[in-house]
Amino acid sequence: VQDRVVPRRGDAAIERRPVGVQRLFLHGSIAMKRKERGQAGGAPSQRQLRAGELVRHALVEIMAREDLRDPDLQGVSITVSEVRASPDLKHMNIFVSALGPGDARVIAQGLARCTGFLRGKLARMINLRFIPDLHFHADVSYEEARHIDDLLRSPDVARDLKHEGSD
């Protein structure tokens, strides 16, 4: 059953379709509103996760085999901890850190300067319809976890935990 209201200039009307897609007509422009796909809290889809892992493995292989000419990346071992893909797979956020001494922010900036080279190598290694734009970010999750561990091991927290256990 289809309800259809023809929009008039200045009015807003909704066209209902049985497929679950609604179109909102406002002043002649069309804005699509899609139904929810059961993703709780905007969690990534299986397709996004699979594409992200594919790109992560390919980038690790490229960084291991190729000599990146950026001076900030010379002699640095790089860890790619996570790749998050956009829903259309055209943008990938890549979280990197140094394996050993090195600043993750400097490494992310150096990799951002090598994005064209990395996308070219990535195009030859993976089979996606579009080669995504790569956005490098410093991964500070390890440093934050270390900081939380240090806080939990501090004498003040241990004393507070001991007092809670005796109540």
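1. Read along the sequence, the order of elements is β-β-β-α-β-β-α-α-β-α-α. The protein thus described contains five helices and six strands, where helices (H or I, at least four residues) and strands (E, at least two) are DSSP runs numbered from the N terminus. The model is a predicted one, in which local features need pLDDT of at least 70, side-chain atom pairs count only at pLDDT 80 or more, and totals for chains, interfaces and linings use all residues. Residues are numbered from 1 along each chain as its sequence is written, and side-chain values use heavy atoms, with hydrogens and water left out.

2. Of the 167 residues, 25% count as buried; buried means under 20% relative accessible area, exposed over 50%, and partly exposed in between (1.4 Å probe, protein chains only). Among contacts with a separation of 6 or more, 50% join residues 24 or more positions apart, a contact being heavy atoms within 4.5 Å.

3. The largest nonpolar core comprises 25 residues, and Ile94, Leu111, Leu118 and Phe136 have the most contacts inside it. Such a core is a set of buried Ala, Val, Leu, Ile, Met, Phe, Trp, Tyr and Cys residues joined through side-chain atoms within 4.5 Å. At least two residues of this core come from each of H1, E4, E5, H2, H3 and E6, and H1 gives the most, with six residues. Leaving aside neighbours within four places in sequence, Phe136 is in contact with Met63, Ile94, Val96, Ala108, Leu111, Ala112, Thr115 and Leu118.

4. Helix H2 spans residues 104–113, and its buried residues are Ala104, Ile107, Ala108, Gly110 and Leu111. Viewed down the axis of H2, these buried residues fall within an arc of 165°, so they line one face of the helix; the arc is that of the directions from the helix axis to the C-beta atoms. An α-helix has 3.6 residues a turn, so residues three or four places apart point the same way. The cover over the buried residues of H2 includes helix H1 (46–65), strand E4 (78–85), strand E5 (91–98), helix H3 (115–125) and strand E6 (133–138).

5. The second largest pocket has a volume of about 160 Å³. Its lining has 13 residues, of which Met63, Ala64, Leu68, Val76 and Ile78 are the closest to the centre. H1 and E4 each supply at least two lining residues, with H1 giving the most, three residues. By type, the lining divides into eight nonpolar, three polar and two charged residues. Ala, Val, Leu, Ile, Met, Phe, Trp, Tyr, Cys and Pro count as nonpolar, Asp, Glu, Lys and Arg as charged, and the others, Gly among them, as polar. On a 1 Å grid over the protein atoms alone, a pocket is an open set of points where a 1.4 Å probe fits, with protein on both sides within 12 Å along at least five of seven lines; lining residues have an atom within 4 Å of a point. Grid points are joined across faces, edges and corners, and the volume is the space filled by probe spheres set on them.

6. Gln48, in helix H1, is buried, with a relative accessible area of 12%. Not counting residues up to four places away in sequence, Gln48 touches Ala85, Ser86, Pro87 and Leu89. Leu89 lies in the loop between E4 and E5 and counts as buried at 10% relative accessibility. Although Leu89 is not a glycine, it has a positive phi of about 65°.

7. Pro44 belongs to the loop between strand E3 (29–33) and H1. Its relative accessibility of 44% makes Pro44 partly exposed. The C-alpha atoms of Pro44 and Ala85 are separated by 8.1 Å, although these residues are 41 residues apart along the chain.
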